[in-house]
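Here are some notes to read alongside the model, in the order I would look at things. Keep the viewer open as you go.

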Amino acid sequence: MAIPDLSYFMALLEKIKLTPRAHLFLGSGGLAALVIVLRFLYAKKHSAKYVSNLAHVGGTQYDVIIVGGGTAGCALAARLSEDPTIKVLLLEAGESGTPLDASRTPALFAKLFPTKHVLQLRTEPQSHANGRTQFWPRGSSINAQMAQYGAPEDFDQWATLMNDDSWSWKNFSPYFTKFEKYQPHPDYPLVDASVRGSSGPIRIGYYNTVTNPSKAFIKACSSVGIPFTPDFNVSSGTLGVSRRQRVSSESAYLTKDVLARKNLTVAVNAHVTRVLFKTENGEKRAIGVQVTNSPTGVRYRILARKEVIICAGAVQSPHLLKLSGVGPAEELKSHGISIVHDLPGVGSNLVDHPVVDLYFKDKHDRSLKYLRPRGFLDVCKIIGVLAQYYIFGQGGPLATNWGESAAFIRSDDPVLFPKDKYPDVLSDSTSGPGAPDLELFSTPLAYKVLSVPVEFPEHGKIGFDVHTYALHVYLVRPLSTGAVLLRSSNPFDLPTVNPNYLKAPEDAAKLMRGVRLLLKIAQTEPLAGYLDQDFRRPDLDHGTHLKSDEELLELVKERVETVYHPTSTCRMAPQEMNGVVDSQLKVYGIQGLRAGACYAMGEKLADMLKASIHAHRV
């Protein structure tokens, strides 16, 4: 059992004004003693076998080098190293997330935003969203622990696009069940556990806390015409409304037993500056990487006998490829980078899920507002929920993953958007009639989106002075695309990111439909009874349903932002469609170099690599 770091509470106390007696008790006395005693009694030592001195791996050789210790990287390292004949090196630019309280505790993940554990990116000014420059944090630890895999038709579309049936839902979905360890819950008997995985490393289940308003959200959605579904992640598809499912993270794959394998090495604070190549008989091949721990640190070469796999995410993966000379030739030339292979798709086709938030007053003043404490009573409540979560293991408020309930819908659903009120026919960006293009979800607290840059990241930083509740809508399949571009040839200069929010007018139109529907749901029982419908302060949305379409469009432009899901900058697609990798996740034009993302893709890639390595040994 892990207990939060004392430093977190000391910093918390400094931010609020308390009486001298309260500060004495909570600061130097009671709370400090409580945390120290609990850490002594319950804390587990983090004894991971991680290498931090890169001299220990520099100049060595491995069969497979994996760049990036996120979801795909950890899965791939764990599965490949199951074969003791495959020597694996996993390189992670950051540190382990396992010891971080904010990473392990569902309700605290946003505490990571202003820290060194998250890339502090900002977008280019969004010309179609009022020119705002937005905070765009990146890191595998900043997720709300939600398991949602996508519509079956999405995977069938992949299979058709790549002419490879192994990516179809019927063939790819077993990789989801392979990583799952579904834990049935008595409150959710309609979930068919027989079609869920039971022995994988990732715990899946309805064990996060859900507040009463979010339970009411599900019923209100059903009342307006959204069908209830007990499980988003099965062959019946995604459409409908349901609860979220909680998933664990890094520690699931890199367990103590896995890290004890002699054929697996995990290095942290290992910043890969470029991939190394050689050309033989006209064939370009990745042969290793160059790595360092700082801009002025020693740069070590590490060689790969078989493969280099880039699993560094939608920003860092194309960034690394470009720094290595693989990407659009003109862009590489402009930064003085020698061209290894002209591949125009690298960094293009950036897609993100743009979200719009709506804010409401909690009628009963029972929100989780005290988790951003403003006084002595709030701190007392926090002590109580800490004991509930860490000592007694009863979940409670710290077990909320914030996105407590969700619904997936189509913007052309005639029940939700009747033709007489929504006559415009919008472009269908989905993979099929059973696939959604909008997600609605609820959170037990609202936070403000700031329209101007601030000194620190604004996500979740600025709250309301009253108890609030929030509803959100985001585009699942936006038409707008952007790019990740080099800022310079320096690997420590973060690239520029431009998701081009709302560039396609249909994106704004679909979000407006989602906003209209959320406003209707907010006025539908039983959710309506939890919201103060008479509270008409202008910074809340109890009167937003009265706005015109023009006013609502401005609201969408003002509030649209990231929900942390960028993708497709190393797209699996035919090369003539700006693809970067083929159906084997091999980078076009380069031997021994692949790229991938997500748990299931990591599982599939591990199987492909094992088969390839053994085939070449025969």
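Is Phe232 buried or exposed? Phe232 is buried, at a relative accessible area of 4%, where buried means under 20%, exposed over 50% and partly exposed in between, with a 1.4 Å probe and protein chains only.

1. **Ground rules.** This is a predicted model, in which local features need pLDDT of at least 70 and side-chain atom pairs count only at pLDDT 80 or more, while totals for chains, interfaces and linings use all residues. Residues are numbered from 1 along each chain as its sequence is written, and side-chain values use heavy atoms, with hydrogens and water left out.

2. **The partner of Phe232.** Phe232 and Phe408 make an edge-to-face aromatic pair, 4.9 Å centre to centre with 85 degrees between the planes. For reference, rings of Phe, Tyr and Trp (its six-membered ring) pair if their centres lie within 6.5 Å; planes under 30 degrees apart are stacked, over 60 edge-to-face, and the rest tilted. Phe232 sits in the loop between helix H8 (212-224) and strand S6 (240-243), and Phe408 in strand S14 (residues 405-409), so the pair ties together parts 176 residues apart in sequence. Helices (H or I, at least four residues) and strands (E, at least two) are DSSP runs, numbered from the N terminus. Phe408 is buried too, with a relative accessible area of 3%.

3. Tyr253 and Tyr599 form a tilted pair, with centres 5.8 Å apart and 35 degrees between the planes. Tyr253 counts as buried at 3% relative accessibility, and Tyr599 is buried at 14%. Both belong to a cluster linked by ring pairs, which also includes Tyr149, Phe155, Trp158, Trp167 and Trp169. The whole structure holds 19 aromatic pairs.

4. **Nonpolar cores.** Which residues touch the most other members of the largest nonpolar core? They are Ile66, Leu76, Leu91, Ile302 and Leu593, in a core of 79 residues. Helix H15 (residues 599-617) gives the most to this core, with eight residues. Apart from it lies another core of 43 residues, including Leu438, Leu440, Leu511 and Leu517. A core here is a set of buried Ala, Val, Leu, Ile, Met, Phe, Trp, Tyr and Cys residues joined through side-chain atoms within 4.5 Å.

5. The expected span is 1.5 Å times one less than the number of residues. H13 is mostly covered, with 14 of its 18 residues buried. Helix H12 (residues 376-391) has 16 residues and reaches 22 Å from its first C-alpha to its last, close to the 22 Å expected.

6. A search of the whole structure finds 23 salt bridges, each a side-chain nitrogen of Lys or Arg within 4 Å of a carboxyl oxygen of Asp or Glu. Glu180 pairs with Arg196, the closest N and O atoms being 2.5 Å apart, and both residues are buried. Arg594 bridges to Glu307 at 3.0 Å between the closest N and O atoms. That pair links strand S20 (residues 593-595) with strand S10 (residues 300-310), 287 residues apart, and Arg594 and Glu307 are buried. Arg559 and Asp541 also form a salt bridge, with closest N and O atoms 2.7 Å apart.

7. **Around Lys178.** Lys178 lies in helix H7 (residues 174-179) and is partly exposed, with a relative accessible area of 31%. Where do its charged partners sit? A network of salt bridges links Lys178 with Arg79, Glu82, Glu603, Asp607 and Lys610. Leaving aside neighbours within four places in sequence, Lys178 is in contact (heavy atoms within 4.5 Å) with Arg79, Gly200, Pro201, Glu603 and Asp607. The C-alpha atoms of Lys178 and Pro201 are 8.4 Å apart.
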